[in-house]
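Dear colleague,

I am passing on the structure we spoke about, and below it you will find what came out of going through it. Please read the notes alongside the coordinates.

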Amino acid sequence: MPTLIPAPMRVTAVGNKPKLIHEFVGRATSKTSDVSVAHMNSPGGWEEPGQKPEFKEITLVLAGVLRVEHKGGFLDVRGGQAVICEPGEWVRYSTPEPEGAEYVAICLPAFSPGTVHRDA
């Protein structure tokens, strides 16, 4: 039987500025461990520590620019584009442009603070 998620859950973000995270599917909202889906709004100038997660992260940028730093440089992912980051790959997300970014993040398995492995 299909499961309705009547509303997302607000999840606390990490970073230098307030960022809105609304989890629709995942450990917090649906008690789902195999996948998480979250809608995010990051302000311009937001950045978080680097991370080396145990999960695959697929990010679909709806508007603005999400910068994804990696060991070889960085990618600027713009509205209408997506990026896939593999498990064990070091990445660092930020929104360098003034308008920030709106995007959807899908993690396989679901995001967990214990498996994201943020830089100290």
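For the charges, Lys and Arg count as positive and Asp and Glu as negative, while His and the chain ends are left out. On that basis, the mean position of the 12 positive charges and that of the 14 negative charges of the chain lie 3 Å apart. Please keep in mind throughout that this is a predicted model.

As to the fold, the chain has 9 strands and 1 helix, and from the N terminus on the elements run β-β-β-β-β-β-β-β-β-α. The radius of gyration is 14 Å, close to the 14 Å that the globule rule gives for 120 residues, so the chain is as compact as a globular protein of that length. Along the principal axes, the C-alpha atoms fill a box of roughly 45 × 30 × 25 Å. Among contacts with a separation of 6 or more, 66% are between residues 24 or more positions apart.

Turning to the interior, 35% of the 120 residues count as buried. The largest nonpolar core holds 15 residues, of which Met40, Leu66, Val68, Cys85, Tyr93 and Tyr103 touch the most other members; two or more residues of this core come from each of β3 (36-42), β5 (56-70), β7 (82-85), β8 (91-95) and β9 (101-108). Leaving aside residues up to four places away in sequence, Tyr103 touches, among others, Lys19, His39, Met40, Trp46 and Leu66.

Best regards

Definitions and conventions:
Residues are numbered from 1 along each chain as its sequence is written. This is a predicted model: local features need pLDDT of at least 70, side-chain atom pairs count only at pLDDT 80 or more; totals for chains, interfaces and linings use all residues. Side-chain values use heavy atoms; hydrogens and water are left out. Helices (H or I, at least four residues) and strands (E, at least two) are DSSP runs, numbered from the N terminus. The radius of gyration is taken over C-alpha atoms; the globule rule is 2.2 Å times the number of residues to the power 0.38. Buried means under 20% relative accessible area, exposed over 50%, partly exposed in between (1.4 Å probe, protein chains only). Contact means heavy atoms within 4.5 Å. The place of a charge is taken as NZ of Lys, CZ of Arg, CG of Asp or CD of Glu. A nonpolar core is a set of buried Ala, Val, Leu, Ile, Met, Phe, Trp, Tyr and Cys residues joined through side-chain atoms within 4.5 Å.
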